[in-house]
Amino acid sequence: MLLHIKNMVCDRCITVVRQQLEHLDMQVSEISLGTALVDPEPSENKLSEIAASLKVLGFELIDKDKDKLIERIRNIIIELVHHSDLPEHVIFSQVLSERLNKDYSYLSRLFSDKEDLTIEKFIIQQKIEKVKELLQYGELNLNEIAWKMGYSSSSHLSNQFKAVTGQSPREFKALENNSRKPLDKV
């Protein structure tokens, strides 16, 4: 059975969910951000047990088709922004439509209705969190970060960063306690 799991945002999440499912005597044959393929087919009682044990860890079983689709949208965006090098000028609407085999306008309406946030704003939030991470590492300058994150210029990145965080990238980097948000809270 394919389980859909909300709030899986990184490799550690995958590891924790796998361990939890195996602890509950489920055999995990495949696992990725947002999904886990398990055997044997869990009973209703077992599904409740799985849901309760995952909830304690900050995860949530998803059972409605629209909720599953929204979580897949979130996971694709997180994967593209945080776990891969963004292809030059990636068109998120095209990637989402192709990977989910759905019209982007439908995906956009569904996401906005359920999340009270547009897909575009979610992408910007994710990109800004990734920029914060790159600034903290200090390995790249702002021009390199802007290029890596698909911005047309460092000034475009700086303007968007300030609009979202209330401070410039330079101010953020200078702060001793520059805070980032966990991906599942963005």
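**Aromatic rings and their surroundings**

Author: K127 lies over the face of Y151, at 4.5 Å from the ring centre; a charge is said to sit over a ring if NZ of Lys or CZ of Arg is within 6 Å of the ring centre and within 35 degrees of the ring normal. The model is a predicted one, in which local features need pLDDT of at least 70 and side-chain atom pairs count only at pLDDT 80 or more, while totals for chains, interfaces and linings use all residues. Residues are numbered from 1 along each chain as its sequence is written, and side-chain values use heavy atoms, with hydrogens and water left out.

Turning to ring against ring, the structure holds two aromatic pairs, where rings of Phe, Tyr and Trp (its six-membered ring) pair if their centres lie within 6.5 Å, and planes under 30 degrees apart count as stacked, over 60 as edge-to-face and the rest as tilted. The rings of F111 and F122 have centres 5.6 Å apart and planes at 55°, so this pair is tilted. The pair links distant parts of the chain, since F111 belongs to helix α5 (residues 104-115) and F122 to helix α6 (residues 119-137), 11 residues apart; helices (H or I, at least four residues) and strands (E, at least two) are DSSP runs, numbered from the N terminus. F111 is buried, with a relative accessible area of 0%, and F122 is buried, also with a value of 0%, where buried means under 20% relative accessible area, exposed over 50% and partly exposed in between (1.4 Å probe, protein chains only).

F161 and F172 form an aromatic pair that is edge-to-face, with 5.7 Å from centre to centre and 70° between the planes. Because F161 lies in helix α8 (residues 154-165) and F172 in helix α9 (residues 169-174), the pair ties together parts that are 11 residues apart in sequence. F161 counts as buried at 0% relative accessibility, and F172 counts as buried at 2%.

A further phenylalanine, F59, is found in the loop between α2 and β4 (60-62), and at 7% relative accessibility F59 counts as buried. Leaving aside neighbours within four places in sequence, F59 is in contact (heavy atoms within 4.5 Å) with I5, K6, N7, M8, C13, V16, V17 and L54.
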